[in-house]
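I opened the model to look up its sheets, domains and helix packing. My entries follow in the order in which I checked them.

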Amino acid sequence: MPQVTLTVNGQTHTAEVEGRTLLVELLREKLRLTGTHVGCDTSQCGACVVHINGESVKSCTTLAVMADGANVTTIEGLAKPDGTLHPMQEAFREYHALQCGFCTPGMVMSAIDLVQKNPQGLTEQEIREGLEGNLCRCTGYHNIVKAIAAAADVMHGKRSEIARAAE
Amino acid sequence: MYDFAYHKPATVADAVKLLADPDAKAISGGHTLLPALKHRLNKPSALVDLSGIAELKGIRRAGNAIVIGALTRHVEVATSAEVKAAIPALAYLASHIGDVQVRNRGTLGGSVSNNDPAADYPAAVLGLGATIHTSSRKIAADDFFLGMFTTALEPNEILTAIEFPIVDKAGYAKMKNPASRYVMAGVFVSKSGGNVRVAVNGAGPCVFRQAEMEKALAANWSPEAVAGIKQAAGDLNTDIHGSAEYRAHLVTVMAKRAVAAAG
């Protein structure tokens with residue numbers, strides 16, 4: 001069986017996998033990082049989005065062997081060891097950007113990639129288009145868009161804390 | 001998905017050797033092949049991962065053409081200053097394939113080799129009259145796309161690069177399925193001197209040229225020139241997303257939009 005060595009959330013792991021093992025299966029079933037979800041399993045819904053070498057990808061459509069040597073970040077790798085949330089996580093909480101939460105890990109990972117790639121800032125329309133690969137069945141997206149805008153201000157140093165949501 | 005052996009060669013020559021096994025298949029981004037394997041539509045003995053072959057990557061200007069390596073990802077074409085300046089319609093097309101995450105993984109060579117009827121790139125390849133470079137020869141776009149998921153590539157022949165001519169004008173418009181983002185019907189138009197090409201994707205089993213529209217646009221390059229041309233529905237696709245008649249109607253609408261986008 002092929003062997004893969006990859007760094008996940010800063011920790012190096014070596015695992016035996018089958019050729020057909022998906023990256024999401026390696027993360028969830030071998031490394032027990034179950035924050036990354038499988039929704040559609042057809043690369044449409046985005047619940048499985050993780051970062052490979054800093055870029056958002058759908059881990060249900062990536063073979064584990066193809067991530068050999070890569071640096072992977074999952075939703076579990078965002079908060080600081082003391083529990084301080086990443087600004088994007090904090091913003092999702094502040095703006096009530098989730099209801100059932102199933103899509104949330106993928107939404108957060110895609111949103112971070114979107115904000116990082118657009119240091120000049122993002123319009124509401126650009127945020128909506130940037131989320132085209134992530135489906136949410138509860139929120140209607142509105143609060144997700146607000147949360148991402150608020151997190152972008154902190155991630156780009158325009159504010160030191162997430163702006164409070166209107167009461 | 002059935003299991004398979006996995007190989008990651010470092011050179012085209014090694015990849016060609018591994019693909020001598022008729023049941024082996026090449027993979028790069030995997031964004032059309034892996035979904036097909038999950039459906040057990042295919043049972044390869046081995047996957048030959050081309051992603052470690054450096055010579056297949058990159059974008060360069062060569063005379064009056066842009067040559068893009070097969071392993072170049074959609075995001076790289078979409079954001080390339082060179083492509084945006086020379087063939088903006090090609091960068092536009094690449095920036096609208098699938099979604100962000102698909103564009104971060106999917107490659108030019110994978111999309112064109114696979115020739116999914118609903119893929120975007122085949123429209124640009126045929127609509128620009130590009131030349132496909134392989135591990136053994138060069139193939140004109142007109143001779144490359146043979147049918148649904150079928151191309152002129154031999155089993156152990158690897159698409160290495162595509163040479164896109166720089167044209168006077170080009171434009172692309174598509175109607176996509178809102179969930180899968182696959183093309184329902186798309187049209188890529190280009191004009192280079194008196195040479196006009198119109199390629200239709202998504203609507204039929206394979207990308208095809210629309211001769212009547214090409215003739216009309218050669219005489220009068222304007223959206224109005226194609227507005228009255230009706231695409232025959234006969235050979236087009238019917239599925240749960242739309243009938244052949246609906247797709248035929250979309251072809252005219254998308255052709256008008258593509259010409260308008262080309263300017």
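**Entry 1: the sheet in chain B**

I started with an open sheet of three strands in chain B, whose order is S1-S3-S2 and whose pairing is parallel. I note that the model is predicted. Next I looked for the edges. Strand S1 (5-7) and strand S2 (24-27) of chain B each have a single partner strand, so one side of each has no neighbour in the sheet. From one strand to the next, I read an average twist of 25 degrees.

I then followed one pairing. S2(B) and strand S3 (residues 46-49) of chain B run parallel and are joined by four bridges. Which residue of S3(B) is the bridge partner of B:Ala24? I found B:Ala46.

**Entry 2: the domains of chain B**

I took the division of chain B next: domain 1 covers 5-165 and domain 2 covers 169-262. Their C-alpha centres lie 23 Å apart. Across the contact I have 22 residues of domain 1 of chain B and 23 residues of domain 2 of chain B.

Which elements give two or more residues to the domain 1 side of chain B? I listed helix H5 (88-95), helix H8 (121-128) and strand S8 (145-147) of chain B. H8(B) gives the largest share of that side, six residues. By class, I have 15 nonpolar, five polar and two charged residues on the side of domain 1 of chain B that touches domain 2 of chain B.

**Entry 3: the domains of chain A**

I turned to chain A, which is divided into domain 1 (3-77) and domain 2 (87-155). The C-alpha centres of these two domains of chain A lie 21 Å apart. Their contact takes 14 residues from domain 1 of chain A and 11 residues from domain 2 of chain A.

I looked at where the domain 1 side comes from. Strand S3 (49-52) and strand S4 (55-58) of chain A each supply at least two residues of the side that touches domain 2 of chain A. The largest share of that side, three residues, comes from S3(A). I sorted the side by class and got six nonpolar, seven polar and one charged.

**Entry 4**

S3(A) and S4(A) pair in the antiparallel sense, over four bridges. Which residue of S4(A) does A:Val49 stand opposite? I found A:Lys58. The hairpin has two residues between the strands, and in it A:Asn53 takes a positive phi near 50 degrees.

**Entry 5: chain A against chain B**

I checked the contact between the chains. It involves 23 residues of chain A and 21 residues of chain B. The residues of chain A that touch chain B divide into six nonpolar, 11 polar and six charged.

**Entry 6: H2(A) with H3(A)**

I moved to helix packing. The axes of helix H2 (residues 87-94) and helix H3 (residues 104-117) of chain A come within 10 Å and cross at roughly 125 degrees. H2(A) and H3(A) are therefore oblique to each other. I noted a right-handed crossing.

On H2(A), I see A:Met88, A:Gln89 and A:Phe92; they meet A:Thr104, A:Val108, A:Ala111 and A:Ile112 in H3(A). By class, this contact has five nonpolar, two polar and no charged residues.

**Entry 7: H2(A) with H5(A)**

H2(A) also packs against helix H5 (residues 142-155) of chain A, at an angle of about 145 degrees, with the axes 8 Å apart. Is the crossing of H2(A) and H5(A) left-handed or right-handed? I read it as right-handed.

H2(A) brings A:Pro87, A:Met88, A:Ala91, A:Phe92 and A:Glu94 to this contact. H5(A) brings A:Ala147, A:Ala150, A:Ala151, A:Val154 and A:Met155. The classes come out as nine nonpolar, no polar and one charged.

Terms used: Residues numbered from 1 in each chain as written. Chains lettered and ligands numbered in written order. Predicted model: local features only at pLDDT ≥ 70, side-chain atom pairs only at ≥ 80, totals over all residues. Domains from an automatic or database assignment. Contact = placed C-beta atoms within 7 Å. Nonpolar A, V, L, I, M, F, W, Y, C, P; charged D, E, K, R; others polar. Axes fitted to C-alpha atoms, helices over the stretch in contact; angles between N-to-C directions. Parallel < 35°, antiparallel > 145°, perpendicular 65-115°, else oblique. Left-handed = near helix turned anticlockwise from the far one by under 90°. Pairing = 2+ DSSP bridges.
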